[in-house]
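The structure is shown first, and the discussion follows.

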Amino acid sequence: MAIAFLITISCSSDDSENDISGVNCQEGTWNEWIENEFNAYYSALSAYSQDPTPSNCAAVESTAYDYLEALRDIADCVPTVNQAEINQAIDDAEKEIDTYVCD
């Protein structure tokens, strides 16, 4: 996924000072927040690949939705120069979520 750039990007000086879902763009905490959501999603994927049970699949779906929402929430924090990348990461996350169907 195209998330690697998000983990290393820092907020630029013209970022919004608005508080987005508890993440203040100016403080740069959105980087940590999105990384936490991605790590939770990755952990759920790992657990499901080792034990493909319905409950692990449901955990993948849940953390995938959380990750997608986190991407959407921090989109306004991302510097203008990286807007194409955040939009691509959102598109990729949406497509990946569509691939999970738990019974």
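How many helices and strands are there in the chain? The chain, taken here from a predicted model, has 4 helices and 2 strands. Read from the N terminus, the order of these elements is α-β-β-α-α-α.

Of the 103 residues in the chain, 37% are classed as buried.

**Aromatic pairs**

The structure contains 3 aromatic pairs. Two of them are described here. In one, the ring centres of Phe38 and Tyr42 are 6.4 Å apart and the planes meet at 25°, so this pair is stacked; the cut-off for stacking is under 30 degrees. Both residues belong to helix H2, which spans residues 29-50, and their spacing of 4 residues corresponds to about one helical turn.

In another pair, the rings of Tyr41 and Tyr67 have a centre distance of 5.8 Å and a plane angle of 5°, so this pair is stacked as well. Tyr41 is part of helix H2, whereas Tyr67 is part of helix H3 (residues 54-74), so the pair links parts that are 26 residues apart in sequence.

Are the members of these pairs buried or exposed? The table gives the relative accessibility of each residue.

| Residue | Relative accessibility | Class |
|---|---|---|
| Phe38 | 18% | buried |
| Tyr41 | 2% | buried |
| Tyr42 | 52% | exposed |
| Tyr67 | 1% | buried |

Phe38 counts as buried because its 18% falls under the 20% limit, while Tyr42 counts as exposed because its 52% is over 50%. Together, Phe38, Tyr41, Tyr42 and Tyr67 make up one aromatic cluster.

**Threonine 63**

Which residues does threonine 63 touch, leaving aside those up to four places away in sequence? They are Ala40, Tyr41 and Ala44. Tyr41 is also a member of the aromatic cluster. Threonine 63 itself is located in helix H3 and is buried, its relative accessible area being 16%. Its side chain also reaches the backbone oxygen of alanine 59, at a distance of 2.9 Å.

Note on methods: Residues are numbered from 1 along each chain as its sequence is written. This is a predicted model: local features need pLDDT of at least 70, side-chain atom pairs count only at pLDDT 80 or more; totals for chains, interfaces and linings use all residues. Side-chain values use heavy atoms; hydrogens and water are left out. Buried means under 20% relative accessible area, exposed over 50%, partly exposed in between (1.4 Å probe, protein chains only). Rings of Phe, Tyr and Trp (its six-membered ring) pair if their centres lie within 6.5 Å; planes under 30 degrees apart count as stacked, over 60 as edge-to-face and the rest as tilted. A polar contact is a pair of N or O atoms within 3.5 Å; within protein, one must be able to donate a hydrogen and the other to accept it, and residues adjacent in sequence count only if both atoms are side-chain atoms. Contact means heavy atoms within 4.5 Å.
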